[in-house]
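Could you walk me through this model in my viewer? I would like to know what to select at each stop and what is there.

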Amino acid sequence: MAGPALVHCLGFTVAWRHGRPAGTCRWHRHDALELVLHLHGCGNVAHRGHPSLSFTAGACTLHPPQLLHTQTRDDWGEDLCLHFLCTGALPERLRRPLVTAPLPEHQRIWAAAQFPGDPTAEADRLAALALLASALAHATGDTGEPSDAHDPAQILLRRLQDRPDRRWRIAEIADAAGCTPRHLHRRCREAFGCAPKALHRRLRLQRAGELLEHSELTLAEIAMQCGYAHARHLCADFRAARGTTPGRWRQDPNPSH
């Protein structure tokens, strides 16, 4: 069933963004249907009476109303949370926990810029429903396995996101994906517009930027967590990619110029 057909009975009530440290939060529940877009970081969610589900950066989880749940993160992360109140009978698909494959990068960038927004504004209400519809379109089946879990490009992305510090061999990931390294290279270019090595560098620098903004780690510690042997190597890549040094980025991650 198409996502938009499921959201007509829902009203957008509130949205917020917040950082989450590594660890497990307390068990809690909401009166509303909660959609969580995991902007950064990976981990898993558990719901009372349901199997645990894993998520990666860019994925969404859906928490049905009044269902106790908790979240465990492997490291620091950031979530965008949206609540919807049901004005009619809740569709069956929204009565059980869901996890999605990572949303396309352009949708994640759009959502991060669009919300929290104003729930009383019609444009923001429609935007929230559009995000929910997109999440449902990327939802997993009952097994908790993403619908594109066997796509070599997504397997590559998850491996690189989960361990940006590791020196991955493409042949190793290709073997796990059940394809040749050449096919993995082709799927990576089709999905992300670059070769696996460039994607790995992009994800390492993304992680470095997150740690610079939201942690007190030294540059050397950040370099180690992102797979750089020396801080100077991180500095060189960071400046080439973002036009500034890690130190200046930490002081002002959103320069106006």
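Start by selecting arginine 242 and tryptophan 249: in this predicted model, the charged end of arginine 242 sits over the ring of tryptophan 249, 4.6 Å from its centre.

Phenylalanine 238 belongs to helix 8 (residues 231–242) and tryptophan 249 to helix 9 (residues 246–251), so the pair ties together parts eleven residues apart in sequence. Colour by accessibility if you like: phenylalanine 238 is buried, with a relative accessible area of 0%, and tryptophan 249, at 12%, counts as buried too.

For another charge over a ring, go to arginine 48, whose charged end sits over the ring of tryptophan 27, 4.8 Å from its centre.

Next, show Phe12, Phe84, Trp110 and Phe115, which ring pairs link into a cluster. The structure holds four aromatic pairs. Zoom in on phenylalanine 12 and phenylalanine 115: with centres 6.0 Å apart and planes at 80°, the pair is edge-to-face. Phenylalanine 12 is in strand 1 (residues 10–20), while phenylalanine 115 is in the loop between helix 1 (105–114) and helix 2 (122–137), so the pair joins parts 103 residues apart in sequence.

Last stop: helix 3 (residues 152–162) and helix 5 (residues 181–192), which pack at about 85° with axes 8 Å apart. That angle makes helix 3 roughly perpendicular to helix 5. Among the contact residues, pick Leu156 and Leu157 of helix 3 and Leu184 and Phe192 of helix 5. The contact residues divide into eight nonpolar, two polar and one charged.

Key
Residues numbered from 1 in each chain as written. Predicted model: local features only at pLDDT ≥ 70, side-chain atom pairs only at ≥ 80, totals over all residues. Heavy atoms only, no water. Axes fitted to C-alpha atoms, helices over the stretch in contact; angles between N-to-C directions. Helix = DSSP H or I, 4+ residues; strand = E, 2+ residues; numbered from the N terminus. Parallel < 35°, antiparallel > 145°, perpendicular 65-115°, else oblique. Contact = heavy atoms within 4.5 Å. Nonpolar A, V, L, I, M, F, W, Y, C, P; charged D, E, K, R; others polar. Phe/Tyr/Trp six-rings, centres within 6.5 Å; stacked < 30°, edge-to-face > 60°. Buried < 20%, exposed > 50% of the residue type's maximum accessible area, 1.4 Å probe, protein only. Lys NZ or Arg CZ within 6 Å of the ring centre and 35° of its normal.
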